[in-house]
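Please look through the structure below, and then follow a few questions about how its descriptions are reached.

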Amino acid sequence: MKKGQILEGVVERVDFPNKGIVRTEEGTVTVKNTLPGQSIQFVISKKRSGRAEGRLLEVLHPSGLEDQEPACSLFPDCGGCTWQRLSYENQLELKAEQVKRLLAPVLRQAETDEQRPAETAESMIDSIFEGIHCSPQEFAYRNKMEFSFGDEYKDGPLTLGLHRRGSHYDVLTAADCRLVHPDMTAILSETLSFFQARQIPHYHKMTHEGVLRHLLLRRAEKTGEILACLVTAGMKEENPEKDFSEILREYTACLLSLEQRLDGHIVGILHMRNDSVADIVQSDETTVLYGQDYFYETLLGLRFKITPFSFFQTNSLGAEVLYSVAREYVTEIPKHDSASKNAPDTENKHDLCETPRVIFDLYSGTGTIAQILSPVADKVIGVEIVEEAVEAARENARMNGLDNCTFIAGDVLKVLDEISEQPDFIVLDPPRDGIHPKALQKIIAYGAPRILYISCKPTSLARDLEVLLANGYQAERISCVDMFPQTANVETVCLLGNHRLPKPDATVKIGIDMEDYYRIRDNAENKEKPE
């Protein structure tokens, strides 16, 4: 097997994230964007250290899981979706299988290291895995989308949408994207037509010339409020700012004219200047063209203010499912401990947990989890590195009348050294790459009775879980929540208990000198004798 060689094979399984495993006569190859059971043709793209990766060329025969037609006209060329040919039931089953297969060996190794009774990895994960919760919406669930300006081919007409799968340059116009509400695609189409008519060029990544970079849209599911953010490069001599200011005024009027056709309503139109040469959405300067630079969304009866770059779960209705699971895991604990975790299921598998006095919500974003958990704690402390999100979290807590939530801006690794409180419960909801190893050790050092880890990338969870299990924690409950239908991504919720803490009902052995024992006994007997 060598680089550039073209091979054929059948996909045996797909591991997270979307890595198809193909066995050939010449060895095993990993091929992305495939499905179990597909017969495929691929070319070897990497070969090193006995591991080979391939790039998909053609699907010769579909998988038995592909049981429906795609809903989007751009599928499969667009990189936004991967699983539109699968029924939603098959998507859920595949995601649950991937997470279980990923976590099972981690749990099994922890049992071996602790010299506990041996059991198979499958039986261990099955005893605590509680299945996958579906998203309330299969389509039109995303409340945030970053669309790119570009062209579908070199020097082609202006496009606005998502990158072609496997390409950093080609952009396909996502006029019928099914991941977002039709209000978003209406704004996208109107924006594209506006700038096409005025022949405003997109920003070229290689030459660093041009103007238009991104269109950032956010739409609340419950309130219908919409924030539209046009991101451009800095103006140069050939594009005087005074001329572009007039174009921005016209663009604002153009979007506002859409109001009659939208289900929701636009509450803010922003212009952001991005001077970075990197292909990222950021703002070096923000101008409010209309309305305000925030919108409101409600989750589980609480109201949240969200700014353009605030972290907020992209699936609002899915977030309600996720946070309901999190709240349940915080307030209920398994009736059986690790010694009896293979006990038969009963209707009431869990007892109410003693109310935590202090909860740490690390990587707290705009404070959604902290505020949802606040009724079951005396105090919740949230830590988040994005100052804008922390300010929003504080305002959200005030707006919701919650006085037991404190939010601190800073890196978790550094802020933990400054907090004097001792947590009874720690909630972790880190970015995709997981927790910094040094921060994880500081978290473990608290010795909190329980930790709830919410992960949007199961491979990061598996890595951090290995460290937590090696330091006395045991996984007690695991479930998945599908926040990203039509894609290979999934949220995983894991409750861990600190099994190195002394049991509250443990028998305590006390040593006593026998002479003292007889003296105490004799004194007691003398007191009982009648005078």
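The questions and answers that follow concern a predicted model.

Q: What makes up the surroundings of Leu 179, once its neighbours within four places in sequence are left aside?
A: Contact requires heavy atoms within 4.5 Å, and by that criterion Leu 179 touches Gly 80, Cys 81, Ala 140, Tyr 141, Arg 142, Met 145, Pro 485 and Gln 486. Gln 486 is 307 residues away from Leu 179 along the chain, yet their C-alpha atoms are separated by 8.2 Å.

Q: How do you know that the span of helix H3 agrees with its number of residues?
A: Helix H3 (residues 182-197) has 16 residues, and at 1.5 Å a residue it should span 22 Å; since its end C-alpha atoms are 23 Å apart, the two values agree.

Q: Which residues of H3 are buried, and what follows the helix?
A: The buried residues of H3 include Asp 183, Met 184, Thr 185, Ala 186 and Ile 187, as well as Leu 188, Thr 191, Leu 192, Phe 194 and Phe 195. After H3 comes Gln 199, which has a positive phi, near 55°.

Q: Why does Ser 87 count as buried?
A: The relative accessibility of Ser 87 is 11%, and the cut-off is under 20%, so Ser 87 is classed as buried. Ser 87 sits in the loop between strand S5 (51-61) and helix H1 (88-113), and, leaving aside neighbours within four places in sequence, Ser 87 is in contact with Leu 65, Asp 67 and Gln 68.

Definitions and conventions
Residues numbered from 1 in each chain as written. Predicted model: local features only at pLDDT ≥ 70, side-chain atom pairs only at ≥ 80, totals over all residues. Heavy atoms only, no water. Helix = DSSP H or I, 4+ residues; strand = E, 2+ residues; numbered from the N terminus. Expected span 1.5 Å × (residues − 1). Buried < 20%, exposed > 50% of the residue type's maximum accessible area, 1.4 Å probe, protein only.
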